[in-house]
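Here's a quick briefing to read with the structure open beside you. Have a look first, then come back for the notes.

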Amino acid sequence: MQSSLAVAPNRAESTLDSERVFDLRTSTVRELNQKLHSLSEDTNEKFWRVENPRGRHAIAVGLDLPISVTINGHVGYYCAGMNKRADVTVQGNAGVGVAENIVSGRVHVRGDVSQSAGATGIGGNLIIDGNASARCGISMKGVNILVKGSVGHMSAFMAQAGTLTVLGDAGEALGDSIYEARLYVRGSVASLGADCMEKEMRDEHKAQLFKELESAGIAGEVDVSSFRRYGSARQLYHFHIDNISSY
Amino acid sequence: MCGIVGLFLKAPRLEPEFGALLANMLETMTDRGPDSAGFAVYGSPQAHAIKLTLRAPVGTDFIAIATSLKDAGLEVREMIPRDTHAVLTVSKNEQSKVVEVLARVAPEVKVVGTGHRMEIYKEVGLPADVARRFSLKEMKGTHGIGHTRMATESAVTTAGAHPFTTGVDQCLVHNGSLSNHCGLRRQLGLKGISFATQNDTEVAAAYISNRLSEGDTLGQALEAGLGDLDGFYTFVVGTESGFGVLRDPIACKPAVMAETDDYVAFGSEYRVLVDLPDIEKAHVWEPKPAHAYFWQRGN
């Protein structure tokens, strides 16, 4: 196996004054996560860099401190899951379920992400510079997701709250069985899922979208009026026999 | 769960390292499939010859079997035993005679793969052990596929391990499960295709083989599969000169691919690909649902 159990007395060597480096060639993911979890609220070790992630799963999960973690390379599943307050950047692609159940803080992926990005997220920001695969924002409950590329099929499936902003296209069945949440798509939508409909883009929505673009640093580059808004038709909240064919 | 891997070389200079690269990929997928493992390797062909991959109980004396074949007046170009398997290279003209004599002199031996270039190996056990037993690391090749199995619905047996082969130089590995394999098996059975197991994946392999035998290209066969195969699947398929990938439209089963000037590689997860040469410079992407990907070697 590739993970090394080599024991080094001080794995987090300091390069810059304030930056700590963790190399996953010489340490395990568990050691990294335990180290990050053990930091105190008033820690001075606020900047972390993770080298050689080599597609490993569960890197930087469960963080609950205002620290910054940069991961240099592609990561596996569930990276930055359950994130609270921390700012996590992936300099590469991310596997299934990046930032799943994110609570607050910010997760930024420079490359593409696999399916179920930001799944069930209840707050915070997830920014994806590349494309997201299927089921992006599935069951989202308040997270704000911004994808600079396109999203795959069944994105925002059963979405309950938050925003999904897509600068590219959306795949089939966007917003299937959506409760609430606002979906802003600039490109084409292959098809809308059950109970998802296009809605008017009013000023309040343009303002909200502008805020989302602003938090991703692209407010000046992208025109809010080039987006269309999609949301819930609110016909399938409660079971009704007349809607049986739509479920 | 299961893990699948595939490697298709474009650069001949990597061919001597092929087995070592594939073995590493296979071993990385141990935690997705620790029950059994298997792989198919496409090596170099011999003129007017065919390779038969044989499988037999532990301790079978393959060299004695080769002697029996020679005694029966048959030409044995090569017999390379590897643990429970052996690759027997014979003259193409004598293929059916060899199979006939084998059944008589060594009824415990099964012919599990036939190809000009393909050799196929699978066994129960940890992927690293399986790779070691068959000396995968020493094998040269141009392309190949592999599978690590976590059995969920049928017994952990050698016959239930992947890859499945249903045609000359054709094989397939699968992550997922098919829901219409019984009906398809009946339909393919009516065309005279026989099955060695009750496994759903064998039906998918036979489906592709049947399409190819009816004149489809690999790409056409994969695209047709999108309409006819119902269920969850990520397939990686090998033919004598081709390599293909297909995911079902729902695409629950994971897949990552990488391509450089030197190779195309497939893994259930990115971890599989991390030790490939120049992976940092590779184009890494997730293959799209319901889209047939295929590569063909120029001969």
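Predicted model: local features only at pLDDT ≥ 70, side-chain atom pairs only at ≥ 80, totals over all residues.

**Domains of chain A**
- Where they meet, 15 residues of domain 1 of chain A touch 15 residues of domain 2 of chain A.
- On the domain 1 side of that contact in chain A, you'll find six nonpolar, eight polar and one charged residues.

**A loop residue in chain A**
- Look for Thr43(A) in the loop that links helix H1 (29–38) and strand S3 (47–51) of chain A.
- Thr43(A) counts as exposed because it has 12 other C-beta atoms within 10 Å, and the cut-off for exposed is 12 or fewer.
- From Thr43(A) to Ala159(A) it's 116 residues in sequence and 36 Å in space, C-alpha to C-alpha.

**The sheet in chain B**
- Chain B has an open, antiparallel sheet of seven strands, ordered S7-S2-S8-S1-S14-S13-S15.
- Its edges are S7 (118–124) and S15 (283–285) of chain B, each of which pairs on one side only.
- On average, neighbouring strands of this sheet are turned by 10° against each other, ignoring direction.
- S2 (residues 36–42) of chain B pairs with S7(B) antiparallel, through seven bridges; Phe39(B) has Tyr121(B) in S7(B) as its bridge partner.
- Helix H1 (residues 18–28) of chain B lies across S1 (3–9), S2, S8 (143–149) and S14 (263–267) of chain B, at about 160° to S1(B).

Technical notes. Residues numbered from 1 in each chain as written. Chains lettered and ligands numbered in written order. Pairing = 2+ DSSP bridges. Helix = DSSP H or I, 4+ residues; strand = E, 2+ residues; numbered from the N terminus. Axes fitted to C-alpha atoms, helices over the stretch in contact; angles between N-to-C directions. Contact = placed C-beta atoms within 7 Å. Buried ≥ 20, exposed ≤ 12 C-beta atoms within 10 Å, placed from the backbone. Nonpolar A, V, L, I, M, F, W, Y, C, P; charged D, E, K, R; others polar.
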